[in-house]
Amino acid sequence: MTRVMNPRKEIEDLISKGDLEGLLKKAGELHGHFCPYLALGVRASYIALKALRAEQSTGMEELVAIVETNNCFSDGVQMVTGCTFGNNGLIYRDLGKTAVTIAQRGGPAVRVALKAEYIDGFSTRYPEASALFEKIVVKHEETTQAEREKLMELWAESSFDQLKLPEDEVFTVKHVKVEVPPLAPIFASVRCSVCGENVMETRARVKNGKPICLECAGAEYYVLDGSGISVGKGKLLQRGS
Ligand SMILES: [Zn+2]
Ligand SMILES: [Zn+2]
C-alpha cells in the first residue's frame with residue numbers, strides 16, 4: 001500500500017540514508033547509462049536537498065528544481081528531486097550552465113553549481129576517457145565497437161568516483177532567492193479546425209473565426225532539444241510525404 005501511496009519511497013529512503021551510490025543506480029534507470037555528469041547531477045541535488053532540509057522540513061512535492069542546461073546532469077536532478085518535465089516541478093532556464101537550484105515554493109532556495117576549475121581539471125583526471133569522448137562524441141570520428149564500449153566502461157567507473165570527491169572541490173553551494181511561478185494552471189482545450197486534434201487554449205490561434213493549432217496555422221512555437229530552446233515552425237513530416 002505504501003508503495004502505491006508514495007511511489008518515490010525507495011528514492012526518499014536512499015536520500016535519508018545518504019546512499020549516493022544507490023541514487024546513482026536509480027538515476028541510471030532513467031538516463032540509460034552511467035556518466036560523470038549524471039553522477040554530478042545526483043550529488044548536486046542531494047547537497048541542495050540536504051541544505052534545504054536543514055532549514056525547513058516540508059514535503060518533496062513542494063519543491064521545484066531549476067536547471068540551466070539539458071545535459072546528463074539534469075537527469076540526475078530529475079531522479080533525485082522528483083521534479084520532472086512532466087510534473088511541472090522542473091524549470092528550465094536556457095543558460096547553458098551546469099547548475100541546479102532547488103527551491104521550496106514560497107521558501108528558501110539553494111543553488112549548486114559545478115566549479116569552473118573542476119571542469120577544467122576533468123580531462124587531466126580522466127585522460128583516457130576524455131580522449132575517447134572527444135573522438136566519439138565531440139568529433140564523431142570513425143570508431144570501433146571496442147572503443148565505444150571502453151568509453152562507456154570508463155565513464156561508468158568515473159561516474160561513481162564523482163560521488164566521493166571532496167564536495168568543495170567540485171561544487172559551489174549558495175543560498176539564493178528565486179521567484180517560483182505558481183503551480184501549473186489547467187487550461188481548457190479547443191479542437192483545431194484543420195487537423196481535428198485537441199490543443200491547449202493558450203496554444204491555439206483563430207483563423208476564419210475557428211480555432212487552429214500552431215502547426216496548422218504555420219505559426220512559430222518553442223522547441224527544446226539538444227541545443228536548448230529555439231523557435232520552431234512547421235509540422236512533423238508524415239511518413240511517406
Ligand atoms: Zn550521460
Ligand atoms: Zn491542427
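**Strand pairing and the zinc site**

Biologist: Over how many bridges do strand 1 and strand 2 pair in the parallel sense?

Modeller: Strand 1 pairs in the parallel sense with strand 2 (residues 90–92); strands are DSSP runs of E, at least two residues, and helices of H or I, at least four, numbered from the N terminus. This is a predicted model, in which local features need pLDDT of at least 70, side-chain atom pairs count only at pLDDT 80 or more, and totals for chains, interfaces and linings use all residues. Residues are numbered from 1 along each chain as written, chains are lettered from A and ligands numbered from 1 in written order, and side-chain values use heavy atoms, without hydrogens or water. Pairing requires at least two DSSP bridges, and the number here is three.

Biologist: Which residue of strand 3 stands opposite Ala 65?

Modeller: Strand 3 (residues 99–104) runs antiparallel to strand 1, joined by five bridges. In strand 2, Ala 65 has Leu 90 as its bridge partner; in strand 3, Ala 65 faces Ile 102.

Biologist: How many residues of strand 1 (residues 63–67) are buried?

Modeller: Leu 63, Ala 65 and Val 67 are buried on one side, Val 64 and Ile 66 on the other. Buried means under 20% relative accessible area, exposed over 50%, partly exposed in between (1.4 Å probe, protein chains only). Strand 1 is therefore largely enclosed by the rest of the structure, the buried count being five of five.

Biologist: What is the arrangement of the four donor atoms around the zinc ion (ligand 2)?

Modeller: Cys 192, Cys 195, Cys 213 and Cys 216 coordinate the zinc ion (ligand 2) through SG at 2.3 Å; donors are N, O and S atoms within 2.8 Å of the metal (3.2 Å for Na, K and Ca). Four donors count as tetrahedral if all angles lie between 85 and 135 degrees. The angles here are 99 to 116 degrees, so the arrangement is tetrahedral.

Definitions and conventions:
Four donors count as tetrahedral if all angles lie between 85 and 135 degrees; four count as square planar and six as octahedral if opposite donors are over 155 degrees apart and all others between 65 and 115; anything else is irregular.
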